[in-house]
Amino acid sequence: MSATIFFHLGLIAYAAAAVIFFAHLAKATERRARLAGRSLLIGFGFHGVAVAMRFLEISRGGAFRLAEGLSFIAFLVVGAYLLLGRWYRIPTIGAFVAPLVVATLLPAHAIPAAEVGGNRPFDGPILPLHIGVAVGGVALFALAFVVALLYLLLEREVKAKKPGAMFRRLPSLDLLDRLNYQLVLLGFVMLSITIGTGAFFSQSETGIFFALRSKEGFSLLAWLVVALVVLLRQTIGWRGRRVAWATMAGFVLLTSAFAGVFTGVSL
Amino acid sequence: MSATSDHLVVVGLSHHTAPIAVRERIAVPDSVLEGALEDLRGLPSIAETVVVSTCNRVEVYATVRVEPAAAGRAIRDYLSAGDRGIDGHLYERHGLDAIRHLFRVCASLDSMVVGEPQILGQVKEAFTTAEAAGAVGGLLGRSCRRAFAVAKRVRTETQVGKYAVSMSYAAVELAAKILGTVEGRSVLLVGAGKMSALAARHLERAGASRLMVINRSRERADELAREVGGEAHPWDSLPRCLREADVVVCSTAAPEPVITLEIAHAARKARRHRPLFFIDLAVPRDVDPNVNGLDGIYVYDVDDLDKVIDENRRAREEEAIRAEAIVGQEAGAFVAAMRSEAAPILRELRQRGEAIARAEVERTLARLGDGLDEAQRQGIEALSRAILNKLLHEPTAQIRKAGAREDGAMLRAAAELFGIEAEIAAHDGAAPAASLAASDAPPTQEQGSEAGVARRPAGPGRPILATGSG
C-alpha cells in the first residue's frame with residue numbers, strides 16, 4: 001500500500017477531529033472533547049505510517065519535497081499537542097491545532113512538486129539532524145503560535161471585562177503564558193541547533209559559512225526575536241501580551257524561512 | 001395497596017409562591033423537625049415523609065396510603081394549621097410531577113439563585129434526618145437517592161453551577177482566571193471597608209495564603225487585620241505591599257484615585273511583570289481606570305463586576321434549559337422504571353400463592369367439617385401461610401435482586417417460570433427507559449410492602465414476605 005492512502009486516511013481523521021473540536025467550542029461537552037481527541041489520535045496513527053513510509057523512500061534516495069516537509073511538521077504538531085494533553089487538557093487548543101494541521105496538509109498535497117534545491121540522499125548524520133530539528137522547531141513554534149493566539153483572545157476578554165467564549169473555555173492567563181514560554185524556550189533551543197547545523201552543513205557543501213538567502217535570513221531574524229524574548233523574560237520578567245505577540249511574529253518568520261528552503265530565493 | 005410513583009406527593013411553598021413573611025410563619029426549625037416528622041407520620045394517609053425547610057422553601061414530600069389528593073389535603077391542613085392565608089401559597093404535586101419537582105429542587109433549578117449548590121446539601125440533610133427518624137422507606141428513599149444522583153449528573157453535564165453570580169465569587173473566579181489559582185497568593189486590602197473584608201474572606205477561603213491590610217488610619221487597619229486574620233501595614237508602605245500582593249481589594253473613601261498610573265507603573269516594574277489584579281470596590285473609584293490599559297494589570301470596579309455577574313446569570317439560564325431537559329428525561333425514566341422491574345412479578349407471584357393456599361385451606365376445612373375447634377383451624381391456616389412463605393422466600397429474594405441489578409433476562413425467566421407473562425408485558429410497555437433509573441438504588445423492599453416497611457423495618461430473621469401486602 002502506498003503512503004498516500006495512509007496520508008489520506010490521516011487527513012480525513014484530522015478533518016473529523018477539527019469538526020468535532022469546533023462542535024466542542026460551540027458547546028463544550030466531555031463526550032465531544034474525548035471524541036475529538038480520539039479522532040486526532042487515529043489520524044496521528046495513519047499519518048505516522050505515511051510519514052515513516054515516505055521517510056524510508058527519501059532515505060533510499062527519493063526527493064525531499066515541500067509536501068513531505070509540511071506533512072512532517074503537521075505530524076510533529078499533532079504529536080506535541082497529544083503529548084501536551086498528558087499534562088494540560090485543553091480541548092480549545094485542539095480546536096485550533098486540528099484545522100491548522102488540515103490547512104497545512106491540504107496545500108502540501110496540492111503542490112507536491114516543489115523540491116529542496118540540490119537535493120541528494122542523506123549522507124552523514126548532519127543533514128538528517130538538521131532537517132529533523134528544524135522541522136521539530138517549526139512544529140513547536142506552530143503550537144506556541146496557537147497558545148499565544150489563545151492568550152491574546154482571552155486577555156482581550158478579561159481586559160474588556162466581558163467574559164465570553166474564551167473565558168469559559170480556556171484555562172487561566174497564567175497557565176497559557178507559562179505554556180507558551182515553555183514551548184518557545186524549547187523551540188528556541190531547536191532553532192539554535194538548526195541554524196548551527198545549517199551553517200556547518202552550508203560550509204562543508206558550498207564553502208560558504210552563512211549565505212544570506214531567504215531561509216537563512218528569516219531564520220536568523222526569527223532567532224533574534226525569540227532570543228530577545230528569552231533574554232527579557234529572564235532579566236526583567238517580560239511576559240504576557242508582548243511575549244505572545246513576539247511568539248506569533250517568530251512563527252511567521254520561521255514559516256517564511258521554511259518557504260525559502262523550497263524556493264531558494266535570495267534576499 | 002401497592003405503592004408506585006403515583007403515590008408520591010409534595011406539598012409546600014417557596015420563594016416562587018410566598019413572600020418571606022409567609023415562609024417564616026411555617027418554617028420548621030431543626031429543633032422541631034423530628035416532631036414534625038412524627039406528626040406527619042401520625043396522619044393515617046401518610047406512609048413515608050421527608051420535610052425540607054430552608055429560608056427559601058418549606059416542603060413536605062410523602063408517599064401516601066390513600067388517594068393522593070386526599071393525602072395532599074391532609075398535609076396542606078397540617079402545614080397551614082387552618083390559616084387560609086397560608087393555604088393560598090401552597091403548591092401540591094403528585095406522581096411524575098412530584099418526582100420532577102424533587103429532581104428540580106435538588107438540581108438547584110428551582111432555587112432563587114439557579115445553580116447555587118447549598119440546596120442539595122440541605123435536602124440531603126433533611127433526608128438523613130427523616131431516615132434516622134425511621135420516616136423513610138423504599139419508595140421515598142429511592143426517589144431521594146435518585147434525585148441526588150440526577151443533581152450530580154446535572155452538575156457534571158451542564159455548567160449551571162459554574163458561573164459566579166455574587167460579587168465576591170465573581171472576584172474569586174476572575175482572580176483564578178488571571179493568576180491561575182488563588183491558592184498561595186497574597187491579598188492586599190487597601191482601605192478598611194466592609195465589602196473588602198467580605199471579598200477578603202472569600203479569597204481566603206479559595207486558598208489565599210497571606211492577607212495584608214493597609215489603611216490611612218493605622219488603628220482601623222489593625223482592627224480589620226485582627227478581624228480577617230491578616231497583617232496591618234502603615235500607609236506609606238503601599239509600594240512595597242503592591243510589589244508583594246497578587247490581588248488588591250480597594251475600598252477607601254478617598255475622593256481621588258489612590259492607585260494612580262504612576263504608582264501602577266512602578267509596581268509593575270518592581271513586580272517583574274507578574275500579573276496583578278485590582279478589585280476596586282470604592283465609589284468614587286480608588287484605581288485610575290487607565291491602569292487597566294497596562295499589560296498584565298487588570299482592574300475591575302463595582303460596575304464591571306456587576307456586568308460580569310449579569311453575563312454569568314444569563315449563561316446560567318442558558319445552561320438551566322439543558323438541565324431541565326436532563327431532569328425531565330430522568331424523571332420520566334425513573335417513573336417508568338418504578339412501574340416495570342420486579343414489583344409486579346412479586347405481587348402477582350404472591351397473590352397467586354395466597355389464592356392457592358386459601359383455596360386449599362378452605363377445601364381442607366370443608367372436608368374436615370365441624371370436627372375442628374378454632375385453635376385447630378388457625379393452626380391449619382398458619383401452616384399453609386408458613387409453607388407458602390418458606391417456599392416463596394428464596395425466589396422472592398432472587399427476583400428482587402434481579403430487579404435491583406436490572407437483570408431483565410432473569411426477571412423474564414422468573415415471570416415465565418411462574419406463568420405470569422401477560423401481566424408483566426403490560427408493564428414493560430410503559431418502561432422504555434427503565435435502565436436509566438434506579439442504577440444507584442440499593443435493593444429495595446417490594447414496592448407493595450413499602451407502606452408497612454417504612455413504619456417497622458424488617459428484622460434480620462423475619463421472612464421478607466411476611467410484611468408483604470400487609
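Helices, in what follows, are DSSP runs of H or I of at least four residues, numbered from the N terminus. With that convention, Val114(B) falls in the loop between helix 5 (95-106) and helix 6 of chain B. I shall return to that residue at the end. Please keep in mind throughout that this is a predicted model.

Let me begin with chain A. Chain A holds 9 helices and 0 strands. Read from the N terminus, its elements run α-α-α-α-α-α-α-α-α. Of the 267 residues in chain A, 44% are buried. Among the contacts in chain A with a separation of 6 or more, 81% join residues 24 or more positions apart.

The helix I wish to show you is helix 1 of chain A, residues 3-26. From its first C-alpha to its last, this helix of 24 residues reaches 35 Å, close to the 34 Å expected at 1.5 Å a residue. Which residues of helix 1 of chain A are buried? They are Phe6(A), Phe7(A), Gly10(A), Leu11(A), Ala13(A), Tyr14(A), Ala17(A), Ala18(A), Ile20(A), Phe21(A) and His24(A). As background, an α-helix has 3.6 residues a turn, so residues three or four places apart point the same way.

Helix 1 of chain A has a partner in helix 2 (residues 30-59) of chain A: their axes come within 7 Å and cross at roughly 160°. Because of that angle, helix 1 of chain A is roughly antiparallel to helix 2 of chain A. The crossing of these two helices is left-handed. As for the residues of this contact, 20 are nonpolar, 5 polar and 2 charged.

I turn now to chain B. Here there are 18 helices and 10 strands. Buried residues account for 45% of the 470 residues in chain B. Of the contacts in chain B with a separation of 6 or more, 72% are between residues 24 or more positions apart.

A helix pair in chain B deserves a slide of its own. Helix 6 (residues 118-132) and helix 7 (residues 138-157) of chain B have axes that come within 11 Å and cross at roughly 160°. Helix 6 of chain B is therefore roughly antiparallel to helix 7 of chain B. Helix 6 of chain B makes a left-handed crossing as it passes helix 7 of chain B. On the side of helix 6 of chain B, the contact is made by Leu120(B), Lys124(B), Phe127(B) and Glu131(B), and on the side of helix 7 of chain B by Gly141(B), Cys144(B), Phe148(B) and Ala151(B). By class, the residues of this contact comprise 5 nonpolar, 1 polar and 2 charged.

How do the two chains meet? In the model, 17 residues of chain A are in contact with 18 residues of chain B. On the side of chain B that touches chain A, helix 8 (167-179), strand 10 (297-301) and helix 13 (302-339) of chain B each supply at least two residues. That side of chain B comprises 7 nonpolar, 4 polar and 7 charged residues.

Finally, back to Val114(B). Why does Val114(B) count as partly exposed? Val114(B) has 18 C-beta neighbours inside 10 Å, and a residue is buried only if 20 or more other C-beta atoms lie within that distance, and exposed if 12 or fewer do, so the count falls in between. Leaving aside residues up to four places away in sequence, Val114(B) touches Ser108(B), Leu109(B), Val160(B), Arg316(B), Glu317(B) and Ala320(B). Val114(B) and Glu319(B) are 205 residues apart in sequence, and their C-alpha atoms are 9.9 Å apart in space.

Methods. Residues numbered from 1 in each chain as written. Chains lettered and ligands numbered in written order. Predicted model: local features only at pLDDT ≥ 70, side-chain atom pairs only at ≥ 80, totals over all residues. Contact = placed C-beta atoms within 7 Å. Nonpolar A, V, L, I, M, F, W, Y, C, P; charged D, E, K, R; others polar. Expected span 1.5 Å × (residues − 1). Axes fitted to C-alpha atoms, helices over the stretch in contact; angles between N-to-C directions. Parallel < 35°, antiparallel > 145°, perpendicular 65-115°, else oblique. Left-handed = near helix turned anticlockwise from the far one by under 90°.
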